[in-house]
Structures are given as C-alpha cells and as structure tokens.
Amino acid sequence: MAKDIGIDLGTASVLVYVKGKGIVLNEPSVVALDRNTGKLLKVGAEAQEMLGRTPGNIVAIRPLREGVISDYDMTERMLREFIHKVSGFFLFRPRVIICVPSGITEVEERAVIDAGIQAGARKVYLIEEPVAAAIGAGIDITRADGHMVVDIGGGTADIAVISLNGVVESASIKIAGDQLNEAVVKYMRRSHNLLVGERTAEEMKKQIGCVFPKDEEETMSVKGRCMLTGLPKSVTVTSTEMMDAFEEPVERILEAIHGVLERTPPELIADISINGIIMTGGGSLVSGFDKLVNARTGIRTYIADDAISCVALGTGKSLDSLNTMMDGTMNLSRRRQMNTP
C-alpha cells in the first residue's frame, strides 16, 4: 500500500516525512544536470557539493527561490527523485502534503500542486508553513488560544498568529537565511575588499553570526579573492562585524513581526503575552535572534526544540487528518486577508 508523505519543500532544503516512520530524508534542494543532454546527474547533498565548482557543461541550480518554485521542470524532477527514494516501488501512488509560505499566490499554489502530481503523487494537499511549524512545535492549535509563530527558513520568513486551527493574522516576507548570506557577501566586499562565495557566507553565519551582542566576541579566518589584486587573501572577521552585516535584513524581519502584532485582535495579544513567541526554522538559530525579538517586543521569545525539523514534523502530524482535508490548502483565511486592502 502507498504510504502518505509530508514534504517540507524549502528553498534551502527538502525534508520528507513518511507516515509511521518519521522524517526519513533531509537533503539540500539543489539539482545538478548536464547542460548538453539535459540528464539529471545529482540531487540533494551531492549536487550541493558542486555549487560554484562545475565545468561548463554541468550546471548546479536551486529550483526554488524565496519559498516558491522558480524552475518548474527541475522542481518536479527533484521531487520525483525524493519521492522515489523514500517510497521505492509503490503499487499505489502516495497522497502528499506539501508546505507552502503563507503569502503564496494562487498561481504559485497551482504550480506546487501540479509539480507534486507530475512527480508521482495521487493527491496533493497544501498546508501553510506557520501552521505546520506550530503543530511541529507541539502547540495545540485547535484551542481558542492565540499563539504567535515566527518561521525563518531559507527563502521566506513567515509570521503568523494562530488560533482555532487557522491563521488569524500573518505576514510572509522574502527576507530569510539566503538574504542573510547575501548581506554577508556584500559586507565582505564593502569592508574588506574581499569576494567570498555563498557557501563561505553560510559557514560564517553558522560559526560566528549573531544579531544580539555576545558575551564573548568570536573570530573566524575567512579566505576569498581580493578585489584589488585578484589574488587569494585571508582576513579575520569578528562576531560584532557579522552583527553589522545582518542589520538591514534583520530589521525588516522585526518590522514584519511588529506589523503582525499591530493588526492582531487585543484578546489574542493578551494570549500571546502569556504564551510567548515561538521561533522555528534554520534562520532562527542565528545566535541571539530570540533575545533580540524579546528585547524589541517585550514578549518572552523562545526557539522550538529541533527548530529545523518543526515544519516537516507538523506536516507529518497533519497526515492523520488527511481524510477530512479538502483539496488545496488547509487554511484559506489568507484569501480574505489578501482581498482586503
């Protein structure tokens, strides 16, 4: 029999949850193909190794940008590979739930559903990321109790206030982990005349990146190409410099959080001040993010256990209610919000 599958289709990585087994796959959303023949060479971690290192005939691409599909054909082929990897030979095609950002348009929604069907799913259901993140973080979203979730992924930051199984207020901005990496690349170019790649920027973000002053300053030696001489050069970067580099994108995320709080009904604000703000997604693991949100909002903020897998776990848990779900998205309160000015 076909197993139901939950997929967290992220800009940076794809996590696959199989009912009864848990998360069985966590791979970067990167595809490598031969330009001449169009043949798929590698998918996932092996393809990521090739990023920025390929010869002329091989191209390594990320088919998802800012939380949505930017290359339909590649996304479909990548999904097919991942579904085949986790389910092998199946007699019946599996039903699949796929996570989408809360600010997705109907056209982008349709593209995700079609890509899932083409990749081998019998039926595709969609669930909004903040709803899945809340379920994955262990919040009971069925109660009349307000919870605020801030999910910072690779391509989008989704902020939502959830009560009674639905999103009351939400914002989805295309500022997240990828933009933090870009900010580091720009900062290194501007301050040190050094060109660094995306992977180096990611490494810097993980090792010494912070958005709130650390008790002890950390340093890291970074290698890249000097813009003045064109030769390799090494510089030492501090965690305080990383804080300066992140300033602009982080400010945008804080503005979005503030905007959602402003629009939230007073009863739910009272609930949130008691329950606190929960942060999920890889981007929330940048050192000091919870402290910064706490300092700016005055609301207790904490990072969920296993923040990276929260959305995938929530998607997996919602597989139990598949029979009661309608085709399309799980929560359509967004439609009303999008239509009102």
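This is a predicted model: local features need pLDDT of at least 70, side-chain atom pairs count only at pLDDT 80 or more; totals for chains, interfaces and linings use all residues.

Guide: Residues are numbered from 1 along each chain as its sequence is written, and side-chain values use heavy atoms, with hydrogens and water left out.

Visitor: What radius of gyration does the protein have?

Guide: The radius is taken over C-alpha atoms, and the globule rule is 2.2 Å times the number of residues to the power 0.38. For 341 residues, a compact globule would come near 20 Å, and the protein agrees, with a value of 20 Å.

Visitor: What share of the contacts join residues at least 24 apart?

Guide: A contact means heavy atoms within 4.5 Å. Among contacts between residues at least 6 apart in sequence, the share that joins residues at least 24 apart is 63%.

Visitor: Is Ile 113 buried or exposed?

Guide: Buried means under 20% relative accessible area, exposed over 50%, and partly exposed in between, with a 1.4 Å probe and protein chains only. Ile 113 has a relative accessible area of 11%, so this residue is buried. In the protein, 54% of the 341 residues are likewise buried.

Visitor: In which helix is Ile 113 found?

Guide: Helices (H or I, at least four residues) and strands (E, at least two) are DSSP runs, numbered from the N terminus. The protein has 11 helices and 19 strands. Ile 113 lies within residues 106-118, which form helix 3.
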